[in-house]
Amino acid sequence: MREGKIISFLQVLGKPLVAFVTNLGYFTRFLCKSVYNCFMPPFYIKLFGRQFINIGFYSLPVVGLTTLFAGMVIAIQTYSGISKYGAESAVALVVLISVTRELAPVLSALMVAGRIGAAMAAEIGTMRVTEQIDALVTLSANPFRYLIAPRVWAALLVMPLLVLFGDVIGIFGGYLVSIYKLDFNPANYINNTMNNLQTLDVMTGVIKAAVFGFIIAIMGCYHGYRSKGGAQGVGEATTNAVVSSSILILIFNYLITEIIFSR
């Protein structure tokens, strides 16, 4: 009787573990094949260009609005916190560091993950459940080179550009609040910003952006490629792509920050 309970307990405990290890193996294989095929010809330049425009150009409004209001909020919060100590001049520094190191790359990546990661999963998932991917294989077209590689390269290269754009807009948002609401001197604010601008801060955001872009593309393509079960499966793949991308973005944000700024 006791042995039966132990076996039942181990079965309940073991099924999720087996499922996790199985999915991890599928993902590792998918990741390796995707990276390998990113460097193998043929290269579909038109598909890459289409994804580059879709990910980059059409994401500019959401990235711009997100970083603009993030910079404005940081300026107000910083001023309210340090004004009692007479350190108003530090507002420009805090806005600069916060936007370039953290807010622009992280918020931009989360917005792009919600927009592009879901779209990739839905598009590829629909192709999977309607057997279009099988048709590509029948026509001797490698689906990893035709579907995955252009999306990975586009996301990897365009995310740093989006983050640089977000840096400018976020800092500008802090400038607007500081000048027109907090009555700072425009020349002093600009001088403080330029004097404290460091290449390391900007490059940190760019490095994070490239990693985040890779994560978004890989997770979106993986969940779409593995989807099954018709429309319901595509919906689950879309949700899983956004959730997994967001979690990995936050995890790798910490890891990259720890590597660069740990002493």
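**Exercise 1. Find which residues line the second largest pocket, and describe that lining.**

Step 1. Asn23, Tyr222, His223, Arg226, Ser227, Lys228, Gly233, Glu236, Ala237 and Asn240 form the lining of the second largest pocket. Here, on a 1 Å grid over the protein atoms alone, a pocket is an open set of points where a 1.4 Å probe fits, with protein on both sides within 12 Å along at least five of seven lines, and lining residues have an atom within 4 Å of a point.

Step 2. Two elements, α8 and α9, each give two or more residues to this lining. The top contributor is α9, with four residues. Helices are DSSP runs of H or I with at least four residues, strands are runs of E with at least two, and both are numbered from the N terminus.

Step 3. Sorted by class, the lining of the second largest pocket holds two nonpolar, five polar and three charged residues. Ala, Val, Leu, Ile, Met, Phe, Trp, Tyr, Cys and Pro count as nonpolar, Asp, Glu, Lys and Arg as charged, and the others, Gly among them, as polar.

Step 4. The space in this second largest pocket comes to about 240 Å³, where a volume is the space filled by probe spheres set on grid points joined across faces, edges and corners.

A word on the model before you go on: it is predicted, so local features need pLDDT of at least 70 and side-chain atom pairs count only at pLDDT 80 or more, while totals for chains, interfaces and linings use all residues. Residues are numbered from 1 along each chain as its sequence is written, and side-chain values use heavy atoms, with hydrogens and water left out.

**Exercise 2. Now describe the largest pocket in the same way.**

Step 1. About 420 Å³ of space lies in the largest pocket. Its lining has 17 residues, and Phe27, Met219, His223, Ser244 and Leu248 are those nearest the centre.

Step 2. The elements giving two or more residues to this lining are α1, α8 and α9 (230–261). Of these, α8 gives the most, with seven residues.

**Exercise 3. Sketch the overall fold.**

Step 1. Count the elements: the chain has nine helices and zero strands.

Step 2. Of the 263 residues in the chain, 40% are buried. Buried means under 20% relative accessible area, exposed over 50%, and partly exposed in between (1.4 Å probe, protein chains only).

Step 3. Among contacts with a separation of 6 or more, 85% join residues 24 or more positions apart. A contact means heavy atoms within 4.5 Å.

**Exercise 4. Work out how helix α2 faces the rest of the chain.**

Step 1. Helix α2 spans residues 45–55, and Leu47, Gln51 and Ile55 are buried in it. Seen down the axis of α2, these buried residues fall within an arc of 60°, so they line one face of the helix. The arc is that of the directions from the helix axis to the C-beta atoms.

Step 2. Recall the geometry: an α-helix has 3.6 residues a turn, so residues three or four places apart point the same way.

Step 3. Turn to the face away from the buried side, which carries the exposed residues Ile45, Lys46 and Arg50.

Step 4. Find the partners: the buried residues of α2 pack against α4 (90–129) and α6 (143–180).
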